[in-house]
Amino acid sequence: VWLYRGLWAVVLLFWYLRCFVATDNEFVAGLPLPLAHLSWLVGSWVGLGVGGEATKDAFRFTQEVAISCDGRPFLTHVARSWLVDDDGQRTKPTAVELGIWRPLPNNEVVLQLTHSYGYSETLTGKVEVTALNNAEITGARLTLRTSRVMRPDDTPVYRGSERLIGLVENNLLWRLDALFDNDQPVAHVSATLAKVQR
């Protein structure tokens with residue numbers, strides 16, 4: 001009888017640890033389990049982009065984006081951009097973004113960004129996985145829309161954006177349509193980034 005009760009105690013302890021402890025420590029692709037649907041974003045990315053598509057003031061830029069995880073269930077986001085000349089040489093720094101990606105259930109996500117132009121925003125969206133290979137996400141797309149903007153009075157008018165982000169053939173493609181003082185978002189900037197192998 002005591003042996004029988006002892007075995008049940010071990011089973012119950014294992015069940016408790018599995019449900020309430022181990023789940024928080026499970027990892028997928030080296031990331032905490034809640035980040036599984038965002039794993040395709042992680043890495044260092046570099047590439048070229050274009051801006052001013054909706055105006056006559058078109059420009060080209062280069063961008064470096066680093067998205068990483070320190071073991072906790074969120075991702076850090078650092079993006080830096082530089083204007084480039086016709087030869088692709090950097091001429092001067094432009095936008096800087098610092099942010100946090102927070103996962104939500106059902107493949108949803110919240111991105112909180114602070115911009116070097118002086119404003120901060122919260123964007124929300126949902127990941128759609130388009131391709132898998134050996135349990136690794138090899139294709140995905142995500143549409144993010146601004147839900148909240150904090151802007152000091154001395155910064156340019158900015159009311160939000162819609163960002164389209166995709167993983168296509170190992171490249172990170174993104175496009176930003178911005179809402180300034182107009183009623184509809186206008187094409188603002190886009191880029192194609194390749195992952196830097198370290």
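This is a predicted model: local features need pLDDT of at least 70, side-chain atom pairs count only at pLDDT 80 or more; totals for chains, interfaces and linings use all residues.
**Entry 1**

I listed the lining next. There are 36 residues around the largest pocket, and the closest to its centre are Ala95, Glu97, Leu176, His188 and Val189. Then I checked which elements give two or more residues to this lining: strands 4, 5, 6, 7, 10, 11 and 12. In residue numbers, strand 4 runs 59–68, strand 5 runs 75–84 and strand 6 runs 90–103. Further along come strand 7 (108–115), strand 10 (160–168), strand 11 (171–179) and strand 12 (186–195). Strand 6 gives the largest share, six residues. I also sorted the lining by class and got 24 nonpolar, six polar and six charged residues.

**Entry 2: the whole chain**

I stepped back to the overall layout. I find one helix and twelve strands in the protein. Reading along the sequence, I wrote down α-β-β-β-β-β-β-β-β-β-β-β-β. The protein has 198 residues, and 34% of them count as buried. Its accessible surface is about 12400 Å², with 56% belonging to carbon and sulfur atoms. For contacts between residues at least 6 apart in sequence, I noted that 38% join residues at least 24 apart.

**Entry 3: His77**

I picked His77, which sits in strand 5. Is His77 buried or exposed? His77 has 7% relative accessibility, and the cut-off for buried is under 20%, so His77 counts as buried. Which side chain does His77 join through a polar contact? The partner is Glu97, at 3.3 Å. Setting aside neighbours within four places in sequence, I see His77 in contact with Val65, Ala66, Ile67, Glu97, Leu98, Gly99, Trp101 and Leu113.

**Entry 4: Gly49**

Last stop, Gly49, in strand 3, residues 43–51. Gly49 has a relative accessible area of 6%, so I put it down as buried. What does Gly49 contact, leaving aside neighbours within four places in sequence? I get Phe59, Arg60, Phe61, Ser190 and Ala191. I also looked up Leu193, 144 residues from Gly49 along the chain. The C-alpha atoms of Gly49 and Leu193 are separated by 8.4 Å.

Terms used. Residues are numbered from 1 along each chain as its sequence is written. Side-chain values use heavy atoms; hydrogens and water are left out. On a 1 Å grid over the protein atoms alone, a cavity is a set of points where a 1.4 Å probe fits but cannot get out, and a pocket is an open set with protein on both sides within 12 Å along at least five of seven lines; lining residues have an atom within 4 Å of a point. Helices (H or I, at least four residues) and strands (E, at least two) are DSSP runs, numbered from the N terminus. Ala, Val, Leu, Ile, Met, Phe, Trp, Tyr, Cys and Pro count as nonpolar, Asp, Glu, Lys and Arg as charged, and the others, Gly among them, as polar. Buried means under 20% relative accessible area, exposed over 50%, partly exposed in between (1.4 Å probe, protein chains only). Contact means heavy atoms within 4.5 Å. Accessible areas come from the Shrake-Rupley method with a 1.4 Å probe; for residues, only the protein chains shown count as cover. A polar contact is a pair of N or O atoms within 3.5 Å; within protein, one must be able to donate a hydrogen and the other to accept it, and residues adjacent in sequence count only if both atoms are side-chain atoms.
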